[in-house]
Amino acid sequence: MAQPKKRKRAHHSNTPPQLNDVKKYSRIIPVAIVIFILFGAGIAFLTVGPDSSSLIIGGLIGAIGGYAFGYGIARALSKKRSA
């Protein structure tokens, strides 16, 4: 009598492949944050002057924008690579 062939089970990782690709490009995110902090603080300095609270607020807004920009670039690069 013929023996049925046993197939190996597929191994699935816990994280989706797109997230793994974003992790490869995650070094872009801190660089973008630093650049945008400097940019935001510079704009705050030019508009308000050397007021410390405006520089901090400008830096925080720049950090948020830098994170969003850096994460978007990392996601776009990971999609380009996987396609």
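**Aromatic pairs and an exposed leucine**

F36 is partly exposed, with 27% relative accessible area. The structure is a predicted model, and two aromatic pairs are counted in it. One of them, F36 with F69, links helix 2 to helix 3. The other, Y67 with Y71, lies within helix 3.

**The F36–F69 pair**
- The ring centres of F36 and F69 lie 5.3 Å apart, and their planes meet at 35 degrees, so this pair is tilted.
- F36 belongs to helix 2 and F69 to helix 3 (residues 52–82), so the contact ties together parts of the chain that are 33 residues apart in sequence.
- F69, the partner of F36, has a relative accessibility of 44% and is classed as partly exposed.

**The Y67–Y71 pair**
- The rings of Y67 and Y71 have centres separated by 6.1 Å and planes at 15 degrees; the pair is therefore stacked, since the angle is under 30 degrees.
- Y67 and Y71 are four residues apart in helix 3, which means that about one helical turn separates them.
- Y67 is partly exposed at 45% relative accessibility, and Y71 is likewise partly exposed, at 28%.

**L38 in helix 2**
- L38 is located in helix 2, which spans residues 28–47; F36 also lies in helix 2.
- L38 is classed as exposed because its relative accessibility of 61% is over the 50% cut-off.

How values were computed: Residues are numbered from 1 along each chain as its sequence is written. This is a predicted model: local features need pLDDT of at least 70, side-chain atom pairs count only at pLDDT 80 or more; totals for chains, interfaces and linings use all residues. Side-chain values use heavy atoms; hydrogens and water are left out. Helices (H or I, at least four residues) and strands (E, at least two) are DSSP runs, numbered from the N terminus. Buried means under 20% relative accessible area, exposed over 50%, partly exposed in between (1.4 Å probe, protein chains only). Rings of Phe, Tyr and Trp (its six-membered ring) pair if their centres lie within 6.5 Å; planes under 30 degrees apart count as stacked, over 60 as edge-to-face and the rest as tilted.
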